[in-house]
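Hello,

Here is the structure I promised to pass on to you. My notes follow just below it, and I hope they are of use.

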Amino acid sequence: MESIWSKTKAVIKTRIPGHSFRMWIEPLEFMNANNGIVVLSCPNSFSKKRVLEYYSDLILSELQKISGKSCQINLEVSEKRPAGQPEIIHQKPLFPQAETQPSSGRFLRRDYTFDQFVVGGNNDFAYSASLALASRKKTQQHSLFLLSKTGMGKSHLTQAVGNHILTENPAEKVYYITAEDFSNEMVSAFQHDTLDLFKKKYRTGCNVLLLDDVHYLSGKERTQVELA
């Protein structure tokens, strides 16, 4: 049955976008099969929820085609996970309506999490890329630029990255600001001859910089240089 699962994964890989396969299907592993129930393991509860909601019908359909038998699937959260891969948890804040203040800058909305983001065909890639970056999952990527029309969820995903990182690593220094905040802070540093402190703050005192409304920097070449 394990070989059948491998063939099923190979077929599914051709049916969905590559980033979706790598994020949600590739980590699934065959555990056992008894009485028509195929048990698969997934790395965490967040992954289990996502797979059940979006890919269970596809998995079951292809599994039955390849095996030639009627069956059911059951997902179980694995107790182990690959080295260096942090668990993605379902965030349950004590005060859902409260906002949290990161190391510097504006407040992060508690409800702006990955679990609360509505995923569709037009934003699935942005969602997966943001989640991969936030969880440092099998990626050498250190930056991400989100581009879309107003109201498509850029700020939600940006803050979801911050909320996730702070949930997993509370000691991380996460700065969430707007591009206008950053520009104004830099101008103030010039005016008060504190540019070195400004640079030190972002170069050595900041682990994660979340910059919203980055289009504000259009035409502001000096600010762009300092940001880079």
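A word on burial to begin with: buried means under 20% relative accessible area, exposed means over 50%, and partly exposed is in between, with a 1.4 Å probe and protein chains only. Please keep in mind that this is a predicted model, in which local features need pLDDT of at least 70 and side-chain atom pairs count only at pLDDT 80 or more, while totals for chains, interfaces and linings use all residues. Residues are numbered from 1 along each chain as its sequence is written, and side-chain values use heavy atoms, leaving out hydrogens and water.

With a relative accessible area of 18%, Leu133 is buried. Leu133 belongs to helix 5; helices (H or I, at least four residues) and strands (E, at least two) are DSSP runs, numbered from the N terminus. The C-alpha atom of Leu133 is separated by 7.7 Å from that of Val161, 28 residues apart along the chain.

Thr158, in helix 6 (residues 154-168), counts as buried too, at 14% relative accessibility. Apart from neighbours within four places in sequence, Thr158 is in contact (heavy atoms within 4.5 Å) with Leu146, Tyr176 and Leu210.

Back to helix 5 (residues 124-135): its axis and that of helix 2 (residues 18-25) come within 10 Å and cross at roughly 45°. Axes here are lines fitted to C-alpha atoms, for helices over the stretch in contact, and angles run from 0 to 180 degrees between N-to-C directions. Helix 2 and helix 5 are therefore oblique to each other, given that angles under 35 degrees count as roughly parallel, over 145 as roughly antiparallel, 65 to 115 as roughly perpendicular and the rest as oblique. On the helix 2 side, the contact is made by His19, Ser20, Met23 and Trp24, and on the helix 5 side by Asp124, Phe125, Tyr127, Ser128, Leu131 and Ala132.

Then there is the sheet, which is open, with three strands in the order 1-2-3 and mixed pairing; two strands pair if DSSP finds at least two bridges between them. Strand 1 (29-34) and strand 3 (72-77) stand at the edges with a single partner strand each, so one side of each has no neighbour in the sheet. On average, neighbouring strands are turned by 25° against each other, direction ignored. Strand 2 (residues 37-42) pairs with strand 3 in the parallel sense over six bridges, and Ile37 stands opposite Gln72 in strand 3. Helix 4 (residues 56-67) lies across strand 2 and strand 3, at about 125° to strand 3.

Best wishes
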